Amino acid sequence: MAKPLGPTGEFFKRRDEWRKHPMIGNQFRHATPGLGIAIVAFGFYLVGEAAYNKFYAPSATSSSHSH
């Protein structure tokens with residue numbers, strides 16, 4: 001069982017209750033619900049594009065231009 005807080009502990013417990021209010025915490029996360037998924041998807045896109053360009057890009061020595 002928990003030890004009683006005493007007058008000082010009760011004072012600080014009441015002073016910190018505002019931190020647990022639903023309007024204070026996680027506002028940014030709830031304001032942008034799909035941002036995390038979008039960042040991950042964009043990261044995969046960038047990695048995929050870099051890999052594609054590395055493997056399928058025409059080399060500098062082969063040129064389709066005729067001089």
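Visitor: What counts as a helix or a strand here?
Guide: Helices (H or I, at least four residues) and strands (E, at least two) are DSSP runs, numbered from the N terminus. This is a predicted model, in which local features need pLDDT of at least 70, side-chain atom pairs count only at pLDDT 80 or more, and totals for chains, interfaces and linings use all residues. Residues are numbered from 1 along each chain as its sequence is written, and side-chain values use heavy atoms, with hydrogens and water left out.

Visitor: How many helices and strands does the chain have?
Guide: The chain has three helices and zero strands, in the pattern α-α-α along the sequence.

Visitor: Where is confidence lowest, and where is it highest?
Guide: The predictor's confidence in each residue is given as pLDDT, from 0 to 100. Helix α2 (residues 27-31) has the lowest mean, 69, and α3 the highest, 94. For the chain, the mean pLDDT is 76, and 60% of the residues reach 70 or more.

Visitor: Now the rings. How many aromatic pairs are there?
Guide: The count is two aromatic pairs; rings of Phe, Tyr and Trp (its six-membered ring) pair if their centres lie within 6.5 Å, and planes under 30 degrees apart count as stacked, over 60 as edge-to-face and the rest as tilted. One of the pairs is Y52 and Y56, which is tilted, with 5.2 Å centre to centre and 40° between the planes.

Visitor: How far apart are Y52 and Y56 in helix α3?
Guide: Y52 and Y56 are four residues apart in helix α3 (residues 35-56), and are therefore separated by about one helical turn.

Visitor: Is Y52 buried or exposed?
Guide: Y52 is exposed, at 52% relative accessible area, and Y56 is exposed too, at 60%. Buried means under 20% relative accessible area, exposed over 50%, and partly exposed in between (1.4 Å probe, protein chains only).
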